[in-house]
Amino acid sequence: MAGISKSFLGVGVLQGVDLDLRPGEVHALVGENGAGKSTLLKVLSGVHAPDAGTIAIDGEVRTFANPRQAHEAGIAIIHQEFTLLPERTVAQNVFLGREPVRRGLVDTAAMGRATAALLAEIGETGFGPDAVVSRLSVAQQQVVEIVKALATDARIVAMDEPTAALADHEVGLLFDLVRRLTARGIAVLYVSHRMPEIFALADRVTVLKDGARVTTVPTAELDPPTLVRLMVGRPLDAYYPPRGGDFGDVRLEVRGGTAPALRGIDLAVRAGEVVGVAGLQGSGRTELLRAIFGADPFTAGEVRLDGEPVRLTSPRRAITAGVAMVTEDRKAEGLALARSVQENALLVLRAVFPRRARAGAVRTRDVLAAVGLRSAGEDQEVRFLSGGNQQKVVLAKWLAVDPRVLLLDEPTRGIDVGAKAAVHELVREQAAAGMAVLLVCSELPELIGMSDRICVLHEGRLAGELPAGASEEDVMALATGGPVRAEVPR
Amino acid sequence: MTALVGRARWLPRIAAGPAAGTWVALGLVVLLAAAIVSARGGDYLTQANVLNMLSRSSALGIVAVGQTIAILAGSLDLSVAYLIGLSSLIAAEVMAGDPAMIVPGVLAVLAASALVGLVNGLVITKLHVNAFIATLGVGLVIKGILESRYQGPAGSVPVLFQRLGYDRIGPIPVSVLLMLAVAGAAALFLQRTRLGHHVYAVGGNVEVARVSGVPTSRTTVLAHVLCSLCAGLAGLYLASRLGAGAPYVGTDGGYDLESIAAVVLGGTVLAGGRGGVGGTVAGVLLLAVLDNLFDQLVLDAFFKDVVRGAVIILAVAVYARRQLRARAQRAVRVPR
Amino acid sequence: MRALLSRGGAVAPVFAVLLVLLVAIAVVNPNFIEPASLLAYLKRAAPLAILAVGQYFVIVSGEFDLSVGSLVTVQVVVAARLIDGDESATLPVIALLVALGLLIGLLNGLITTRLYVPSFVTTLGMLLVLSGAVFLWTGGAPRGSLSAAFRVPGRQGIEIPGFGQVPWSALILVAVAAGAVALMRSAWGHTLVATGDNDRATALAGVPVARVRTTAFVLSALAATLAAILLGGFAGVSAQVGEGLEFSAITAVVLGGVVLGGGRGSVLAALAGALVLEALFTLLNLLGVSGALESTVQGVIIIAAVAYAARRVGRTRRPPAVPDPSPQPA
Amino acid sequence: AACTSDVPPGGAAAPTGAPATSAPAAGSEFFDQAEHDRQLALRDQTAQGPADQPWMQMLEPEMRDTARYATQGPHHVCFSNASVDNPWRQVGWTTMQAEVDLHRDEIANFTALDAGASDDKQISDIQQLVGGDCDALIVSPNTTATLTPAVEAACGQVPVIVFDRGVDTDCPVTFIHPVGGYAFGATAAEFLAGEVGQGGKVLALRVLPGVDVLEHRWAAAERIFAARGVNVVGVEFTENDTATAKSIVSDYLQREGQINGIWMDDGTAGVAALEAFEDAGQPLPAISGEDQQQFLEKWQAEGLTAQAPTYPTFQWRTAVVAALQVLRGEQVPSEWILPQPTINGENLSQYLQPGLPPLHYALCGCQQMPDFPARWGA
Ligand SMILES: Nc1ncnc2c1ncn2[C@@H]1O[C@H](COP(=O)(O)OP(=O)(O)OP(=O)(O)O)[C@@H](O)[C@H]1O
Ligand SMILES: Nc1ncnc2c1ncn2[C@@H]1O[C@H](COP(=O)(O)OP(=O)(O)OP(=O)(O)O)[C@@H](O)[C@H]1O
Ligand SMILES: O[C@@H]1[C@H](O)[C@H](O)CO[C@H]1O
Ligand SMILES: [Mg+2]
Ligand SMILES: [Mg+2]
């Protein structure tokens, strides 16, 4: 790709980006939220037509009028946003747009066989080609997404934050797969905000900043601090903000919390405390947060706020009682995409505390500034923001209400390193001001770094608790139902 | 043996599909109707009555199959009723009583209806007009043409062509076979052709379909062309039935909203991407059985509307409930 | 005013279309720009405009209301039968109509939000039920007659010295417009639009989306009740008063640039859409476009106007023809 | 499998050559000079039969023998109705049911199917009824041309009685109808031409195009207005919507300044049209309406210059009477032409009976029936 430029409604997003992919290499593409990574991938895959610049494959200049032509040229992409049809089967999704035809009819048998083979190759045994996608978990859907990209005989595979929704062991499988692809001479363009992944996988790294290429360097010549500096433009503290010390009384308490996927959860969070919730994919972390928040209320058990028993049977009640929740799926559950940044940020206030909306507007602005929102202004529709920036709007929306209890489900999913640090600061600040925070985060180092204590879930039960500074091994041991090595009395 | 196993694997899926509910409902209503009618001393499941019900469903059935395709593609077609009237007139005027003109007449109708479908599809995809408004607008355009050109029935179809509307093969009316053939072809198209798969994809999520390499605009246009062709066929059938073309035959039959109602009764989701022709046929039959029951009971015409409205709402509420339950079960699935 | 009409700097295209049509009418018939003519035009447009405002609430929340036309008929027919020429019955019957409107709106809303029936189906069913029920009750044709008092708002006006007669309809329309704008600027209005955009996210933000949507249906039914009072007042009892009004109202709203599927568009633009439709009818009439071809011209213009409005809105997302409030237990 | 055909003998709609309605020669399609002249002449004929029972009267009858249809009672009488989608049909339908109730000794069963204005459904309805055990079939066709084949098919199996809109075949035992649309339209037009004079402005309000009985009304009126030099300022369709009618009239008043006469092919929107004059502060015009209650009341209250030709709903009684006569083997006219009285200033009070619903039709011939007026909605 040479000299790629792209602008939306007169706003430049990509400015003359050059990028070359070599057969068999993993090429990482990094940059802050809104730097233009996804846009570049979309240009490569024919979703957007570039305003200027050319794409050449094996020296031959190609133009793609639509995604189909890019497919045919051997380019496959795993998009940042899901591209699956929930009501269709895995096989139908995997072959969407490229259904094999025999004697004029779709060869469903061949489709099933090929899908099964691909699933086997990636090591997925949880579901088969005939499973309906809507019945799969988010992680399983991500696997389908990957298989869908692989089903083409692609020579270039672009992956836009493919691990954002994957659990560790699945990340491992994905890595194996990437390596197998490159061994076959396929070039992989890999977008991620996770530093360890980049250093584990990539041969070279291209850094984008404000739509322009900063540099392309072999990974071997880089170390994490340098890469961060290239992306953010300044060095970043590699450490998590200091933990709180003096916690107040118990703010949030769950006793015997039971829900369809949860069994007798007992849990307490004090004012000022950040409690991490660890567990494998599907262990019930999201379920727990949603239950406390009243989105899918507990069917049995008790929730207390500041010692008072409360019945949080709907999000509205929970919010009124001072509970806020950042949901894990920002598109489906976090944002009104056609509404402006401001509308979204003020939504909770307007819905539940209309009198505080005016004051809240000021606070929202502070939060958005702190996390470094990049937008064309408060009036910009949220759907035009980059994924990471959308996540920031969701955070602002909830912090604007000044909750007593803050439930965070994957709050830093998809946001860049700089913004992550800002979010960590914010969370700490809120805690210090007396908020009780319950944090779910699939990135263990982050979870451990941020938590004052870690509760580990296993198959819907509380497997144990770990103190601050527990090791990843300790957490994993509990999470996988292994022997308890260090249980801390509560 | 393997065939058996293979078939057995399909059974639960069919039973769980949205169409199953409609067929079950249909069965129940037929039993209920038979019980009511025989309690009043009548005879319900006579061959004549069953055939009457079936042949009454033909026109609506054909239109509704086309409507199913449009709705599955995430669209809908409010212009079918006017197109049916237009088609009946084109058929009757081109044929003008001459058996030699049957083929040209049929071709003219198919060409005209394909054109209408093309216009619907292009207005939606190229002018970005919502399907509701686009097809309402195209319907108005046809309405104006009908009203300015015709003041009543016109043209005439030859006796040979009327056999489409009146003949029976064995006991089964040709029109019923025509409807079943159209439904079968549509089902094959939707389930076993690439274009059919693309119809589901576009209806499920246009953006996803697009980035997956589906030619979305072409698919939407095609869905509309097929829908209009079905309306054209219904117009042909009605012309053969009436012996002439009639401008109001489509609107008087209420084929626009009624076909949508049948599709929805058949469990196809209005927003697109989920459902199928099998349910629609059951939906059409359900409406016909109800109609027939009302007639047998000599119910007030206004009371029929009340019951129809209530049945439609109720049926869809039941589907929604089933879907909800399915989702709840999904969430309850405790990890092993 | 500009701020009222515009969003993001650009005046919604529907106002430009309206202006062009009004100018065209004035060119064909210079009398049109006299206050009396303009007021007469407003008077005629008022019922549809009010229906469009009601329909706007429903559409922007992501739903449809196909039952308003038959509800208008029901209200007029019920009023005639109950009043039966008795002046003293006027107010009690109007109160009853309001209650009936409330009930129908509530039913539409509850069936849609609690039983998860897509509103297209709910209100299509309601349309059948209403039109069947009212004639079942009256035995097929309207009975009774409206009182003179009942007909005042739709038929008469208030004398303003030095200006002439201002129709009540026009005043009521202005009041409805002001009320709707105020409502849309309130917190409720913001949550209504957010609900149409993403009901799951909105529910998780603490918005009782089922209640918000139900309220929208109730407002639509109340608008239909008001429209019925004006239409019945204007022309008396008829079994046809409401015929096709649901499609006109939806068309008006879409002409105003409001997106079917919810989440976008302003209430004033929806109202302007109704004024455009009425101006279009007036112009076609003035030009003497023959009764028959009128539909054709109407169809073409509606498509053109909506296409023009769609040009401005984002092209990437084609909303489904029918929004799907897919079962989402919040 | 054996292939059977239910195609009516000779085929549908166009048994031989093109039916009268098939070739749309613009404008004149619905005009039949001979029929027109016949109807205009019939207006002056005196009907045979009891003067106090106009539904039993007949004009220029050619009696036909029905002995071969005579059967032992009590009978099963069937009725295929086009629809009850307007007040005229509603009043007629009520009257018909009341007539049936008068003959409960002879009619054991009365089965009626409503086609909801759909030709296709009515064809099936007729097939279904004929397939049952009806002794006689009454048909009120939805559309003349398109119902012809079904009626023809039925004729072969049961005696068929057709009324109101008619069919393009002679096979029914009798076809019952008032004098007709030409007479209706002509009477109204002659009255208006006389009132407004040469050059007077008349606005014609029609319901909708394409219904032959309505087309005939306008076809006759158009000729008279042309011959008498009346200035027809507009011909508009109201679809019987009073609001549309009122708006149209208001527009014309604004455009024309004044209008001297209103001609209507159906009086339903008459009062709304008059209100447009009132609201515009204009004197009420000469108007031709119909025998609808609200119009007659307005006429009496305002002392209108008006006339109401009628298309009597009492023909719905006649259909039942005829069916029974046929089943008894009594003679009936092959074409039963009913009188078609005109209401004018002199006889208005004789037809207007207070207390009935606004959309009631005065010429229901039902005043002496049991449960009158309650059964008709009073
Ligand atoms: N369709 C669009 N219309 C307008 N602006 C857009 C559109 N798509 C992207 N943008 C803008 O382009 C910029 C780059 O977005 P892009 O999604 O490429 O960022 P990114 O680098 O992938 O960020 P992230 O790490 O958050 O995913 C952002 O400022 C975004 O607001
Ligand atoms: N949206 C959903 N659709 C279907 N099932 C779900 C959904 N969300 C949760 N579940 C089910 O509920 C159980 C608990 O899942 P939950 O999402 O709470 O786990 P988690 O630990 O948060 O995992 P994840 O990292 O995937 O969010 C699982 O069995 C899962 O299958
Ligand atoms: O059938 C009837 C009559 O023909 C009458 O002219 C009134 O309206 C129609 O419905
Ligand atoms: Mg991105
Ligand atoms: Mg989770």
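**A tour from a helix pair to a sheet**

Select residues 168-185 of chain C, helix H8, together with residues 187-197 of chain C, helix H9, whose axes come within 4 Å and cross at roughly 75°; axes are lines fitted to C-alpha atoms, for helices over the stretch in contact, with angles from 0 to 180 degrees between N-to-C directions. H8(C) is therefore roughly perpendicular to H9(C), a term that covers 65 to 115 degrees. Helices (H or I, at least four residues) and strands (E, at least two) are DSSP runs, numbered from the N terminus.

This is a predicted model, in which local features need pLDDT of at least 70 and side-chain atom pairs count only at pLDDT 80 or more, while totals for chains, interfaces and linings use all residues. Residues are numbered from 1 along each chain as its sequence is written, chains are lettered from A in the order in which they are written, and side-chain values use heavy atoms, without hydrogens and water.

Next, show Leu183(C), Met184(C) and Arg185(C) of H8(C), which make the contact (heavy atoms within 4.5 Å) with residues of H9(C) including Trp188(C) and His190(C).

Now move to chain A, where 6 strands form an open sheet of mixed pairing in the order E18-E19-E20-E15-E21-E22; strands pair if DSSP finds at least two bridges between them. Strand E18 (323-326) and strand E22 (461-467) of chain A stand at the edges with a single partner strand each, so one side of each lacks a neighbour in the sheet. Neighbouring strands are turned by 20° against each other on average, direction ignored.

Finally, select residues 405-409 (E19) and 436-440 (E20) of chain A, which pair in the parallel sense over 5 bridges, with Val405(A) opposite Ala436(A).

Technical notes:
Parallel < 35°, antiparallel > 145°, perpendicular 65-115°, else oblique.
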